[in-house]
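Please open the structure in your viewer and keep the selection tool at hand. The stops below can be followed in order.

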Amino acid sequence: MVGESYDVEVGRVAHGGHFVARLPEDAPEVGGTVVFVRHALPGELVTVRLTEGEVGDRFLRGDAVEVHRASVDRVAPPCSYAGPGLCGGCDFQHVELSAQRRLKEEVVREQLARLAGLDLPVEVEAVPGDDRGLRWRTRMRFHRTSSGGLGLREHRSRSIVEVDDCLIQAPGARVAIEGETATGDEVVVETVRDRAFEVAADGFWQVHLGAPEALLSAVLDAAGVRPGDRVLDLYSGVGLFTAFLAEAVGVTGHVTAVEGDRGATEHAGANLAAYPWVEPVRGSVDRVLESMTGDGAWDVVVLDPPREGARRPVVEGIVRLEPRTVVHVACDPSSFARDVALFAEHGYRLSAARAFDLFPMTQHVEVVGTFSAR
Ligand SMILES: C[S@@+](CC[C@H](N)C(=O)[O-])C[C@H]1O[C@@H](n2cnc3c(N)ncnc32)[C@H](O)[C@@H]1O
């Protein structure tokens with residue numbers, strides 16, 4: 001069945017960088033089955049070639065290999081490695097940039113509606129200065145190809161496509177090669193608002209050139225931190241948000257920064273040395289929260305968890321502290337929406353949400369949500 005082709009009408013965008021269609025009712029064995037189509041756009045009439053799935057599956061996957069009626073939002077992909085069977089790094093190279101953001105808005109809205117029962121339109125904002133969606137990625141990880149070149153993976157595959165020039169790679173990006181680049185003690189220095197942050201060369205740092213500033217200003221606006229506040233910065237990395245939260249609370253305030261990675265916590269110690277009212281803590285966020293008391297001692301909590309989101313133990317650990325405001329930075333709208341529902345269970349309503357196009361040409365989007373106690 002994989003490899004068979006059908007003409008379909010393409011429907012809405014779905015989370016994951018694909019679009020929902022149904023195979024023709026008269027297709028033998030798979031008639032009417034939902035298929036997630038990549039390289040398509042809503043309203044298009046395309047030939048989809050199936051790439052994954054079996055008879056009886058709830059849904060199949062496929063690529064649009066021919067477009068019979070194109071959307072007005074379709075453009076020629078700037079990258080020659082984007083397309084069915086080619087590099088899987090980008091999902092939306094064939095989509096005009098502002099239309100990519102509208103697709104991400106639909107995804108965020110749909111996830112919030114379906115998983116949190118909220119009808120909240122969220123605008124996806126461009127990173128200031130990013131008007132092409134290219135040359136933004138400051139960290140790249142390539143694979144060595146059999147012919148000795150560098151390449152990137154195909155979509156949902158271990159196969160490598162040789163890539164001479166990745167158009168989303170920023171000039172001067174840090175380049176690592178899987179299995180070859182030593183992961184060790186190398187440290188790089190990143191600068192945000194004239195403040196230097198040391199970070200391990202293979203450690204976490206926001207990947208879009210403009211992401212640290214865009215996220216930082218969104219977090220500071222949302223947190224509404226006042227001098228003297230006590231702030232908890234969870235999943236704090238090397239202390240990007242912590243440093244500026246520390247400045248906002250001032251010497252009469254306090255910030256505890258919780259991070260699980262040993263190297264990141266050590267770098268945070270150095271990056272935050274100018275603020276003796278900051279306490280960097282190494283530990284798993286859920287366990288550190290468990291050990292804290294809910295005596296109203298925390299005014300604001302900021303959290304920036306990995307893709308899977310905060311989940312119940314962490315959300316419950318946060319609400320138990322009864323902060324005035326919670327700011328949630330999320331790189332997956334689906335796990336974000338699940339966390340929104342958990343916060344709501346405990347009386348913390350999503351009072352504002354902004355989204356940022358930190359990963360142009362890909363399906364990914366970053367959301368910053370603000371919660372306040374009801
Ligand atoms: C998305 S990064 C955010 C870092 C930081 N806010 C920044 O902008 O640079 C998430 C961080 O959470 C850390 N982390 C992941 N799971 C954790 C856990 N269960 N407990 C503590 N830290 C965790 C990772 O090591 C990583 O540094």
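This is a predicted model: local features need pLDDT of at least 70, side-chain atom pairs count only at pLDDT 80 or more; totals for chains, interfaces and linings use all residues.

Residues are numbered from 1 along each chain as its sequence is written.

Begin by selecting the protein chain, whose secondary structure comes to 7 helices and 19 strands, where helices (H or I, at least four residues) and strands (E, at least two) are DSSP runs numbered from the N terminus. Along its principal axes, the C-alpha trace of the protein chain spans about 70 × 50 × 35 Å.

Next, select the open sheet of 8 strands, which has the order β6-β18-β19-β17-β16-β13-β14-β15 with mixed pairing; two strands pair if DSSP finds at least two bridges between them. At the edges stand β6 (124-126) and β15 (278-282), each with a single partner strand, so one side of each is left without a neighbour in the sheet. Within the sheet, look at β13 (residues 230-234) and β14 (residues 254-259), which run parallel and are joined by 5 bridges; there, Val231 has Val255 of β14 as its bridge partner.

Finally, select helix α1 (residues 97-116), which has 20 residues. Which residues of α1 are buried? They are Gln100, Arg101, Leu103, Lys104, Val107, Val108, Gln111 and Leu112, a residue being buried if 20 or more other C-beta atoms, placed from the backbone, lie within 10 Å of its own. Just after α1, Gly117 takes a positive phi of about 60 degrees.

Key:
The expected span of a helix is 1.5 Å times one less than its number of residues. A residue is buried if 20 or more other C-beta atoms lie within 10 Å of its own, exposed if 12 or fewer, and partly exposed in between; C-beta atoms are placed from the backbone.
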